[in-house]
Amino acid sequence: MPVQKYGKWNITAASVGTEEMAHYEMIATIVHQLTRNLTPEEIKESGFGDYYIDHTLGVWPQAAGGVPQNACEFQVKADPITDIMEDMAAEQKARSTYDNILRVVKDPDVIEPIRFLRAREVVHFQRFGEALRLIQERLDSKNFYACNPVIDKNCGCK
């Protein structure tokens with residue numbers, strides 16, 4: 001949804017991508033701060049040993065279960081409804097992850113930045129929801145879940 005066409009701020013613009021990278025940078029900094037002074041014994045006792053063998057104390061983007069981040073994490077179909085719903089789901093999954101971290105962490109130096117990041121995910125979810133509403137208003141309300149007449153001229157939509 002181009003900004004020029006509808007005169008609204010585009011939540012999918014580069015500024016959001018830049019902010020998401022800043023979120024990663026904040027998480028990476030927290031992980032670095034928590035692990036930088038670990039002794040070999042503490043590394044082993046904490047269950048961090050396998051990670052240490054592969055990455056020393058470098059920050060490597062991966063899920064808590066050890067699955068590395070890869071391009072499969074990013075989904076796109078070039079359908080505005082599908083893509084906005086994917087974006088909204090990603091924001092909610094991030095918020096849920098931050099909720100889980102806040103349930104188990106006691107360190108205020110970790111809690112405060114995680115609370116900040118959680119609040120940003122809520123805002124992003126809301127902005128994507130607004131974008132979804134704008135998209136739906138511009139599609140034929142009788143078929144916006146059935147097909148996308150902008151892309152598929154032969155779908156039977158009028």
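Which side chain meets that of Arg127 in a salt bridge? Glu130 does, at 2.9 Å from N to O, where a salt bridge is a side-chain nitrogen of Lys or Arg within 4 Å of a carboxyl oxygen of Asp or Glu. Please keep in mind that this is a predicted model, in which local features need pLDDT of at least 70 and side-chain atom pairs count only at pLDDT 80 or more, while totals for chains, interfaces and linings use all residues. Residues are numbered from 1 along each chain as its sequence is written, and side-chain values use heavy atoms, with hydrogens and water left out.

Arg127 and Glu130 are three residues apart in helix 6, and so about one helical turn separates them; helices here are DSSP runs of H or I with at least four residues, numbered from the N terminus. Glu130 is partly exposed at 34% relative accessible area, a class lying between buried, under 20%, and exposed, over 50%, with a 1.4 Å probe and protein chains only.

Turning to Asp99, its side chain forms a salt bridge with Arg95 (2.4 Å, N to O), and Asp99 counts as buried at 14% relative accessibility. The side chain of Asp99 also meets that of Arg118, again in a salt bridge, at 2.4 Å from N to O. Arg118 lies in helix 6 and Asp99 in helix 5, so this pair ties together parts 19 residues apart in sequence.

As for the lining of the largest pocket, it has 48 residues, with Tyr24 and Gln62 among those nearest the centre; a pocket is an open set of points on a 1 Å grid over the protein atoms alone, where a 1.4 Å probe fits, with protein on both sides within 12 Å along at least five of seven lines, and lining residues have an atom within 4 Å of a point.

Conventions: Helices (H or I, at least four residues) and strands (E, at least two) are DSSP runs, numbered from the N terminus.
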